[in-house]
Amino acid sequence: MTDFANAAQNGLSARELEEVLRQVGAERYHNRHPFHRLMTEGALTKGQMQAWALNRYCYQAVIPRKDAMILARSDDPAFRAAWRTRIEDHDGEDGWSGGIARWLKLATGLGLDAEMVKGKRHALPATRFAVGAYLTFCTERPLLEAVASSLTELFSPVIIGERVPAMLARYDYITEETLAYFKPRLGQAPRDAEFALAYVLEHADTPEKQQAVIDALVFKCDVLWSMLDALMHAYSEKGYIPPGAFRPEEP
C-alpha cells in the first residue's frame with residue numbers, strides 16, 4: 001500500500017496529480033474492503049444487508065448538508081450553479097424525491113422500518129462519528145480540500161458495477177426496484193467527479209495545495225472504509241453489536 005504523505009513534495013503537473021489521485025482510489029476505495037467482497041460474493045445474511053443499508057443511510061442523508069456547506073463558501077456564481085445540482089440530486093425538488101428517498105426505498109425493500117432508518121438512532125456509533133467527521137471536514141477545511149474530498153465519485157461507477165449485478169444475482173429478495181438508487185448515480189457521479197477534478201487540478205497550483213488535496217481524498221476513503229470496518233466488527237459471527245444499535249431478527 002502506497003504512503004501518499006509526501007506524494008507532492010517536489011510539485012506535480014496536472015497530469016501527475018490526477019494520476020496520484022486515481023492511485024489513491026485504486027488502493028484505498030472501499031470496493032477493496034472485505035465486507036464489500038462478501039456482499040458481491042452473496043455471502044451476507046439478510047440481517048447484515050439490512051445493517052449495511054441502515055448505516056449507509058446516515059452517509060447518504062448528510063451528503064446534501066455537506067454540499068450546502070461547500071456551496072455557501074464559494075464566491076464564484078458559476079461554481080455555485082454547478083455544485084447545487086448535487087443537492088438537487090439527493091433531495092429532489094420537494095425534499096423527498098431524490099437520492100435519499102431512493103436509498104430509503106432500498107432500506108425498506110430489505111424489510112426495515114422507514115421511520116427507524118430516518119431516525120438514525122440505531123446506526124452504529126462508529127458510523128455516526130465517521131459521517132460527522134466528514135461533515136466537519138467539509139465545513140472547516142479550505143474549500144479546495146472540501147471539493148477534493150468528493151473525488152471518491154471518480155470510483156463510484158466501479159463499485160456500482162460490482163455491487164448491483166451481484167446483488168441481483170445472489171440475493172433472491174433483492175429486485176431492480178429495490179436498487180433504483182444506483183441507476184441515476186451512473187450518470188450523476190461521473191458528471192460531478194469531472195467538475196470537481198477540473199476544479200482541483202486548476203486550483204491545486206502549489207506542492208502544499210497538491211498534498212492537501214491528496215490528503216483530503218485519502219481522508220474521504222478512510223471515512224468510507226471505516227464505516228465498513230464498523231459493520232464487519234459488529235455484524236460478523238464473532239462480532240459485538242454496541243448497545244442501542246440495530247439487531248437483526250434471528251433467522
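About 60 Å³ of space lies in the second largest cavity of this predicted model. A cavity here is a set of points, on a 1 Å grid over the protein atoms alone, where a 1.4 Å probe fits but cannot get out. Its volume is the space filled by probe spheres set on the points, with grid points joined across faces, edges and corners. The lining (residues with an atom within 4 Å of a point) consists of H30, W52, N55, R56, T127, L224, M227, L228 and L231. Helices α3 and α11 are the elements that each give two or more residues to this lining. The largest share, 4 residues, comes from α11. By type, the lining holds 5 nonpolar, 3 polar and 1 charged residues. Ala, Val, Leu, Ile, Met, Phe, Trp, Tyr, Cys and Pro count as nonpolar, Asp, Glu, Lys and Arg as charged, and the others, Gly among them, as polar.

The structure holds 2 cavities of 30 Å³ or more. At least two lining residues come from each of α3, α4 (77-91), α9 (156-170), α10 (182-203) and α11 (207-235). Helix α3 gives the most, with 6 residues. The lining divides into 10 nonpolar, 6 polar and 9 charged residues.

Helix α3 (residues 46-72) also packs with α7 (residues 125-140): their axes come within 9 Å and cross at roughly 10°. The two helices are therefore roughly parallel, a term for angles under 35 degrees. Axes are lines fitted to C-alpha atoms, for helices over the stretch in contact, and angles run from 0 to 180 degrees between N-to-C directions. In contact (heavy atoms within 4.5 Å) are N55, C58, Y59, V62, R65, K66, M69 and I70 of α3 with T127, V131, Y134, L135, C138 and T139 of α7. These residues comprise 9 nonpolar, 3 polar and 2 charged.

Overall, the protein has 11 helices and 0 strands. Helices (H or I, at least four residues) and strands (E, at least two) are DSSP runs, numbered from the N terminus. The radius of gyration, 18 Å, is close to the 18 Å that the globule rule gives for 251 residues, so the protein is as compact as a globular protein of that length. The radius is taken over C-alpha atoms, and the rule is 2.2 Å times the number of residues to the power 0.38. The C-alpha trace spans about 55 × 40 × 35 Å along its principal axes.

Residues are numbered from 1 along each chain as its sequence is written, and side-chain values use heavy atoms, with hydrogens and water left out. Local features need pLDDT of at least 70 and side-chain atom pairs count only at pLDDT 80 or more, while totals for chains, interfaces and linings use all residues.

Note on methods: Parallel < 35°, antiparallel > 145°, perpendicular 65-115°, else oblique. 1 Å grid on protein atoms, 1.4 Å probe; cavity = no way out; pocket = protein on both sides within 12 Å on 5 of 7 lines; lining within 4 Å.
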